[in-house]
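Please study the sequence and the structure shown here before reading on. The briefing that follows is arranged by topic.

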Amino acid sequence: MELAYIPSPSRGVLYLGPIPLRGYAFCIILGVFLAVWVGNRRWLARGGQQHTVADIAIWAVPFGLVGGRLYHVITDYELYFGDGRDWVNAFKVWEGGLGIWGAITLGALGAWIGCRRRGIPLPAYADAIAPGIAFAQALGRWGNWFNQELYGRETHVPWALHITSSADGRVPGYYHPTFLYESLWCIGVGFLVIWADRRFKLGHGRAFALYVASYCVGRGWIEYMRVDDAHHILGLRLNDWTAMIVFVLAVVYMVLSAKKRPGRETVVEPAAATADGTAAATDTADAADGEGTTDAAGTEKTAAGTGDGAEAGPGDAKGADAADDAPAAPADSVSTAPDAEPASGTDNDPAPDDAGTGVGAKGTAESAKKG
């Protein structure tokens, strides 16, 4: 009697009236939303704009689904085109069968199209979305649990997976839950990329390459445990060879990229940088305008200093009144003509301010002529 094991669901689909609700599809959909959410947070932290990750995902996700299905159908073609098989089943994605290698390859093509339309470098986008993809895979693997598929060798460990279905050649029993192993591994990969990106400031696609390389390491030993049918080359499953080749390519890219383009991109989305620059310039202009307004309206030092039409403060008004009360200099003291006679009716009267100003201006003009 087994004291502990992981039970398998009795069925992987529920019906809401005529509408089927499939566990596998829900896991894929939730994974996509999680990847976009994580990627959006990282994109904003790098200086990108809101909704950019989701807009590009509209291109990447359909391409990824098609690519994942194509890889599965091509590598397991006998399931759909062999004797007694119905090729129409190749289109039934909801029944399971998505190859991550094809999903990443065509998904990258879709992301490149979306990035090109927005003028964004694909490597920067890939770095932002990489941990989210790992977390999405972690969720997606639980879809295999709903379908009772992709388990490992027979075992009696406490966390063994109990397979109860006998469809498609399954043998009921207790097996290694490779879906769980890969799910946990993908979670670790996601956090590894986040940590390494913060620690080493990865850029130009190196965070994505780290995700690919670290995932391949886990996929290699997990794939080796699986017992479902697969093509073998030199004693190894096809996916083992794929993992090794992709791992080498990812490591080579990281090394060459670090030498050619060290550091991280300073601008990941030109439109966001332009918008920030425009906003900064506007704020600076507004601040300058506000400072001038305060000086003119609040202190009015500049305006008061000119004396042209500006309202004087209390101190200035007092000074002006004192100047008006003081007697003006006699006309003889400011006139340039020594024998000038005072105007009739104005003998010994104080000269008006504007008259004194006029005489001063006249004297200044004559001095300028002499000079």
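Helices (H or I, at least four residues) and strands (E, at least two) are DSSP runs, numbered from the N terminus. The structure is a predicted model, in which local features need pLDDT of at least 70 and side-chain atom pairs count only at pLDDT 80 or more, while totals for chains, interfaces and linings use all residues. Residues are numbered from 1 along each chain as its sequence is written, and side-chain values use heavy atoms, with hydrogens and water left out.

**Overall composition**

- The protein contains 14 helices and 6 strands.
- Of its 371 residues, 35% are buried; buried means under 20% relative accessible area, exposed means over 50%, and partly exposed lies in between (1.4 Å probe, protein chains only).
- Contacts require heavy atoms within 4.5 Å. Among contacts between residues at least 6 apart in sequence, 71% join residues at least 24 apart.
- Accessible areas come from the Shrake-Rupley method with a 1.4 Å probe, and for residues only the protein chains shown count as cover.

**Helix 1 and its surroundings**

- Helix 1 covers residues 23-45, which makes 23 residues. From its first C-alpha to its last it reaches 33 Å, close to the expected 33 Å at 1.5 Å a residue; the expected span is 1.5 Å times one less than the number of residues.
- Buried residues of helix 1 include Gly 23, Tyr 24, Cys 27, Gly 31 and Trp 43. Cys 27 has a relative accessible area of 9% and therefore counts as buried.
- The cover over the buried residues of helix 1 includes strand 2 (19-22), helix 2 (52-75), helix 5 (122-140), helix 6 (142-146) and helix 7 (178-200).
- After helix 1 comes Gly 47, which has a positive phi near 100 degrees.

**The nonpolar surface patch**

- Patches are made of residues with over 30% relative accessible area and no salt bridge; like charges are joined within 9 Å, and nonpolar side chains (Val, Leu, Ile, Met, Phe, Trp, Tyr) within 5 Å.
- A nonpolar patch of about 740 Å² has among its members Trp 185, Val 217, Trp 221, Phe 247 and Val 255.
- Helix 8 (206-225) and helix 9 (238-260) each contribute at least two residues to the patch. Which helix gives the most to it? Helix 9 does, with 6 residues.
- Val 255 belongs to helix 9, and its relative accessibility of 43% makes it partly exposed.

**Salt bridges**

- A salt bridge is a side-chain nitrogen of Lys or Arg within 4 Å of a carboxyl oxygen of Asp or Glu. The count by this rule is 13.
- Glu 182 and Arg 141 form a salt bridge at 3.1 Å, N to O. Glu 182 is in helix 7 and Arg 141 in the loop between helix 5 and helix 6, so this pair ties together parts 41 residues apart in sequence. Both residues are buried.
- Arg 219 also forms a salt bridge with Glu 182, with the closest N and O atoms 4.0 Å apart. Arg 219 lies in helix 8 and Glu 182 in helix 7, so the pair joins parts 37 residues apart in sequence.
- A network of salt bridges links Arg 141, Glu 182, Arg 219, Glu 223, Arg 226, Asp 228 and Arg 237.
- In the salt bridge between Arg 264 and Asp 197, the closest N and O atoms are 2.7 Å apart. Arg 264 is in the loop between helix 9 and helix 10 (270-299) and Asp 197 in helix 7, 67 residues apart.
- Arg 264 is partly exposed at 28% relative accessibility, whereas Asp 197 is buried at 3%.
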